[in-house]
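Me: Please take a close look with me at how the parts of this model pack together. I would like one connected walk from the surface to the inside.

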Amino acid sequence: MIRDITIGQYYPAKSVLHSLDPRVKFTGTILFLISLFVADSVWGYLLATVFLAAIILLSKVPVKFMMKGLKPLFFIFLVTISFNLFLVPGTVIAQFWIFKITEEGIKQAVKIGIRLIYLVMGSSVMTLTTTPNQLTDGLEKLMHPLTRIRVPVHEISMMMSIALRFIPILMEETDKIMKAQIARGADFESGNIINKAKNLIPLLVPLFISAFRRADDLAMAMEARCYHGGEHRTSMKPLKYKGIDRIAYGMMFAYLAAGIVIRVLL
C-alpha cells in the first residue's frame with residue numbers, strides 16, 4: 001500500500017507534457033478541476049473523460065502506474081460516496097433499518113465519485129510530468145504579483161517543493177521501518193481498530209525521529225550554503241513560454257469553454 005502512493009513522484013519520459021512550461025501545467029490543472037465542478041450532465045463528464053484520457057496518453061505515463069495511486073484513497077472514496085448515497089433525500093429506492101437509498105443519492109454519489117477520481121488523476125499528471133524544481137519555479141512565477149503586497153512567494157514555493165520531495169522519501173522510509181518491525185514480530189493487520197492504532201506506535205516513533213533528523217540536516221545544509229530566501233535570487237534556467245505552451249493554453253481554455261457551454265445548454 002505504501003508503494004502505491006504516487007503523489008509527489010516524478011515519472012521521467014519524453015512527452016509533450018514533460019516539455020511544457022510548469023506554469024501551463026499549473027494553470028491547466030486548476031482549469032481541469034474547475035471543469036469537474038462545472039460538469040453536471042453525462043455529456044459534461046464524457047467531455048472530461050475524453051480530455052483526461054488524451055492528457056494521460058500524451059504524458060506517456062503508464063495507466064496502471066497512475067491508477068495504483070488511487071488505492072491508498074479507496075477508504076476516503078468509500079466514505080464520501082456512502083455519505084452521499086445514504087444521506088441525500090429524495091425518491092426512496094431501497095431502505096434497510098435507518099438507511100435509505102434514494103435516486104438522487106445514487107446520482108450524487110456517482111458524480112462525487114467521478115469528481116474525486118478525476119481530481120486525483122488530473123493532479124497526479126502534473127506531479128508525474130514535472131520535477132520538484134520546475135514546480136517550485138512555476139509556482140513562484142505565477143504568484144510573483146503577490147510580492148507587491150508582501151506575500152512570501154519564494155518561501156511558499158520552497159516549502160511546497162520540499163514537501164513534494166519528502167513525500168516519496170518518507171514513503172520509502174515507512175516501508176523500510178514497517179518491514180523491519182514485521183521481522184521483529186510486529187503485527188499491523190490483526191485486531192480491532194484500537195489494537196491496530198496501538199500497533200502503529202513502533203512505526204510512527206522511528207518515522208517521526210527520521211523525519212526530524214532529515215529536516216535538521218536539510219536546515220543545516222541550507223545555512224551552510226548561505227541561503228537567505230528569495231530576495232535578489234536568480235534562476236539557473238529561466239522559464240520562457242514557447243509556441244507549444246501557447247497552443248496548450250488555447251486548448252485548455254477551449255476545453256473549459258466547451259464544458260461551460262454544455263452546462264448551460266444541457
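Reply: Happy to. Let's start on the outside, with arginine 150, which counts as exposed because its relative accessible area is 77% (exposed is over 50%, buried is under 20% and partly exposed lies in between, with a 1.4 Å probe and protein chains only). What you are looking at is a predicted model, so local features need pLDDT of at least 70 and side-chain atom pairs count only at pLDDT 80 or more, whereas totals for chains, interfaces and linings use all residues. Residues are numbered from 1 along each chain as its sequence is written, and side-chain values use heavy atoms, with hydrogens and water left out.

Arginine 150 sits in the loop between H7 and H8 (helices are DSSP runs of H or I of at least four residues, strands are E runs of at least two, and both are numbered from the N terminus). Its backbone is worth a look too: phi of arginine 150 is near 65 degrees, a positive value in a residue other than glycine. Lysine 60 belongs to the loop between H3 and H4, and it counts as exposed because its relative accessibility is 54%.

Now step back to the whole chain. It holds eleven helices and two strands, and from the N terminus on the elements run α-α-α-α-α-β-β-α-α-α-α-α-α. The C-alpha trace spans about 65 × 60 × 40 Å along its principal axes. Of the 266 residues in the chain, 33% are buried. Among contacts (heavy atoms within 4.5 Å) between residues at least 6 apart in sequence, 73% join residues at least 24 apart. Leucine 87 shows how sequence and space can be set side by side: leucine 87 and isoleucine 101 lie 14 residues apart in sequence and 8.0 Å apart in space, C-alpha to C-alpha. Leucine 87 is part of helix H5, residues 74-87, and it counts as exposed because its relative accessible area is 57%.

From there, go inside. If you leave out residues up to four places away in sequence, methionine 66 touches Ile56, Val61, Met121, Val125 and Leu128.

Next come the helix pairs. Two packed helices are described by the angle between their axes and the distance between the axes. H3 and H6 pack at an angle of about 25 degrees, with axes 11 Å apart (axes are lines fitted to C-alpha atoms, for helices over the stretch in contact, and angles run from 0 to 180 degrees between N-to-C directions). That makes H3 roughly parallel to H6 (under 35 degrees is roughly parallel, over 145 roughly antiparallel, 65 to 115 roughly perpendicular and the rest oblique). On the H3 side the contact is made by Tyr45, Ala48, Thr49, Leu52, Ile55 and Ile56, and on the H6 side by Lys111, Ile114, Arg115, Tyr118, Met121, Gly122 and Val125. These residues divide into nine nonpolar, two polar and two charged (Ala, Val, Leu, Ile, Met, Phe, Trp, Tyr, Cys and Pro count as nonpolar, Asp, Glu, Lys and Arg as charged, and the others, Gly among them, as polar).

H2 and H7 meet in another way: their axes come within 8 Å and cross at roughly 75 degrees. That makes H2 roughly perpendicular to H7. Pro22, Arg23, Phe26 and Thr27 of H2 make this contact with Gln134, Leu135, Gly138, Leu139, Lys141 and Leu142 of H7. Here the division is five nonpolar, three polar and two charged.

Let's finish in helix H7, residues 132-142, where Pro132, Leu135, Thr136, Gly138 and Leu139 are buried. The buried residues of H7 pack against H2, H6 and helix H8 (153-183). Threonine 136 counts as buried because its relative accessibility is 7%. Residues up to four places away in sequence aside, threonine 136 touches Ser157, Met158 and Ser161.
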